[in-house]
Amino acid sequence: MLYMRKLGNRVQSRRVALGLTIKELAALCGVALSSLSFLERGRIYSLRPYLILLAEKLGMSIDELLEGCADKADIDLFYEGIRKDGKL
């Protein structure tokens, strides 16, 4: 199970700690502001292809970003999906 609220809180906390606005982070990652806002509120998981870039822009590894936010099986599925998308 992916714990979207926990992941959203982690993204938001790190973004704020880095002094970035949500608009700035969305622009750095090339995603819509509304999509990032939904992610921070724990509402969607359609940003899978962008999570590696998001982690990078937040100065974290993808493992750090997802730690405690997903079960091992879901993290494995995440990586499998990204490999299929050709983004890893």
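## A first walk around helix α1

Ala-17 is exposed, with a relative accessible area of 64%; here buried means under 20% relative accessible area, exposed over 50%, and partly exposed in between, using a 1.4 Å probe and protein chains only. This is a predicted model, in which local features need pLDDT of at least 70 and side-chain atom pairs count only at pLDDT 80 or more, while totals for chains, interfaces and linings use all residues. Residues are numbered from 1 along each chain as its sequence is written, and side-chain values use heavy atoms, with hydrogens and water left out.

Ala-17 lies in helix α1. Helices are DSSP runs (H or I, at least four residues), numbered from the N terminus. Arg-15 has its place in helix α1 too, but Arg-15 is buried, with a relative accessible area of 8%. Here are the two residues side by side.

| Residue | Relative accessible area | State |
|---|---|---|
| Arg-15 | 8% | buried |
| Ala-17 | 64% | exposed |

Now for the helix itself. How far apart are the end C-alpha atoms of α1? They are 20 Å apart, which agrees with the 20 Å that its 14 residues (4–17) should span at 1.5 Å a residue; the expected span is 1.5 Å times one less than the number of residues.

The buried residues of α1 are Met-4, Leu-7, Gly-8, Val-11 and Arg-15. Seen down the helix axis, they fall within an arc of 100°, so they line one face of α1; that arc is taken from the directions from the helix axis to the C-beta atoms. Val-16 and Ala-17, on the other side of α1, are exposed. The cover over the buried residues includes α2 (22–29), α3 (33–40), α4 (51–57) and α5 (62–66).

Which residues does Arg-15 touch? Leaving aside neighbours within four places in sequence, Arg-15 is in contact (heavy atoms within 4.5 Å) with Leu-20, Thr-21, Ile-22, Leu-25, Glu-40 and Leu-58. Leu-58 also pairs up with Ala-17 in a distance: the two are 41 residues apart in sequence and 9.4 Å apart in space, C-alpha to C-alpha.

After α1 comes Gly-19, with a positive phi near 75°.

Let us finish with two of the covering helices. α2 and α3 pack at an angle of about 115°, their axes 9 Å apart. That makes α2 roughly perpendicular to α3, a term for angles of 65 to 115 degrees. Where they meet, Ile-22, Lys-23, Leu-25 and Ala-26 in α2 face Leu-33, Leu-36, Ser-37 and Glu-40 in α3.

Terms used: Axes fitted to C-alpha atoms, helices over the stretch in contact; angles between N-to-C directions. Parallel < 35°, antiparallel > 145°, perpendicular 65-115°, else oblique.
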